[in-house]
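Welcome! Take a moment to look over the sequence and the model, and then let us walk through them together.

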Amino acid sequence: MNLSYKIFIALILSVVAGLVAGPESLPFIKWWIAPIGTMFISLIKMMIVPVVFTSLVVGMTSLGDMKKLGRIGLKTLGLYLCTTAVAIVIGFGVAGVSHPGVGMAMAGSASMEVKAAPSIMQVFVAMIPSNPIQSMAKADILPVIIFALFVGVGIIQVGGEKGKRLSDFFDSCAEVCYKIIALVMQTAPIGVFALLLPVVAQNGPKVLLPLISVIASVAVGCALHAIIVYSGLASALGKMSPVKFFHGMSEAMLIAFTTCSSSATLPINMKNTEEKLGVSRDICSFVLPLGATINMDGTALYMGVCSLFIANVFGIDLTMQQMGMIVLTGTLASIGTAGVPGAGLIMLAMVLQSVGLPIEGLALVAGIDRVLDMFRTCLNITGDAAVAVVVNETEKVHETEESLA
């Protein structure tokens with residue numbers, strides 16, 4: 001049986017088992033089953049830094065041309081920022097139709113502490129690693145990416161036999177990483193079941209029912225964005241049918257849905273994008289690690305829905321100016337948001353503050369954030385792959401035109 005089918009079956013079984021078991025079984029589930037899911041996540045996280053560093057260096061040296069690197073970088077960044085802005089607008093559109101939170105009173109004045117979102121200058125400063133080994137140890141992906149880019153540029157500049165030896169070394173390391181990832185993926189169905197079971201058992205339908213409109217709005221918005229924007233990009237600019245695109249992405253999407261981490265899904269996403277979508281390794285190695293760090297379309301869409309939800313709960317009418325500010329702030333904030341579970345709350349706090357919405361509204365969203373995180377992370381990694389497909393196709397066209405010139 002195809003691995004993606006096994007993962008999907010495990011997902012369904014975990015939902016059924018979680019609803020049957022209920023909250024009273026949580027002590028047993030958390031003691032005996034949840035740790036298996038934690039081990040699966042640790043296996044994936046074990047490979048994040050090695051695969052990001054080695055594959056980026058290989059991607060850089062494979063490009064071999066600084067002019068080509070700059071061209072790909074600009075296209076990638078431009079596509080990521082554009083799709084993020086569109087995602088927030090779609091979130092507003094879906095929430096405007098479904099009206100989540102209308103008629104729902106805010107329970108008390110409960111507030112929660114959320115880590116302050118970094119300023120744009122703090123993001124730029126943090127990008128440069130003062131100690132790259134420490135950044136790798138802490139799994140700070142953005143500094144690791146910057147260091148890998150410098151190593152790649154250094155190898156290109158050295159060139160000759162010395163540069164080739166080092167390039168071949170990193171290429172061999174990357175191959176070993178891909179083989180380990182393939183082994184880890186064989187345990188994915190068990191890991192998915194163990195991760196989802198405690199979530200379903202703890203929340204159950206009764207807890208989620210009052211906030212079902214928010215969950216439905218985010219789910220519908222993510223589906224619309226994937227079908228309209230991503231399949232549109234893949235077919236119009238990437239010359240790939242939506243069926244082939246989504247079929248090739250099925251494994252990575254299910255892992256993202258379960259783990260709620262763009263970074264944790266990165267190794268699987270890179271493997272699927274190269275092997276099933278036919279994107280060249282050098283494009284995958286550059287576009288996808290960058291996307292896992294700065295491309296947060298699902299989180300952006302979630303911010304659009306949750307902003308309107310909180311505004312409705314507190315009886316506040318958002319002006320067009322405030323909505324525009326949310327689009328701008330959310331797009332820029334996505335660059336500095338880590339691809340880890342719960343990072344969306346940091347972005348949402350920043351957006352609420354920027355337009356003067358009550359920060360207490362986070363207490364409502366936090367209760368269902370784990371469920372919302374599943375949808376937005378799934379959309380995040382799908383967007384990374386869609387951009388990789390587009391960049392890959394445009395580079396093919398560019399190379400063809402250069403050869404004919």
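## Overall fold

A contact here means heavy atoms within 4.5 Å. Among contacts in the protein chain between residues at least 6 apart in sequence, 85% link residues at least 24 apart. The chain has 18 helices and zero strands; helices (H or I, at least four residues) and strands (E, at least two) are DSSP runs, numbered from the N terminus.

This is a predicted model, where local features need pLDDT of at least 70, side-chain atom pairs count only at pLDDT 80 or more, and totals for chains, interfaces and linings use all residues. Residues are numbered from 1 along each chain as its sequence is written, and side-chain values use heavy atoms, leaving out hydrogens and water.

## Inside the protein

Of the 405 residues, 54% count as buried, that is, under 20% relative accessible area (1.4 Å probe, protein chains only).

What does the largest nonpolar core look like? A nonpolar core is a set of buried Ala, Val, Leu, Ile, Met, Phe, Trp, Tyr and Cys residues joined through side-chain atoms within 4.5 Å. The largest one has 115 residues, and Val52, Phe245 and Leu372 are among those with the most contacts inside it. Helix α18 (residues 369-404) gives the most to this core, with 13 residues.

Leucine 372 touches Val214, Ile215, Val218, Tyr302, Cys306 and Val365, not counting residues up to four places away in sequence. A second, separate core of seven residues includes Ala21, Ile29, Leu197 and Ala201.

Note on methods:
Buried < 20%, exposed > 50% of the residue type's maximum accessible area, 1.4 Å probe, protein only.
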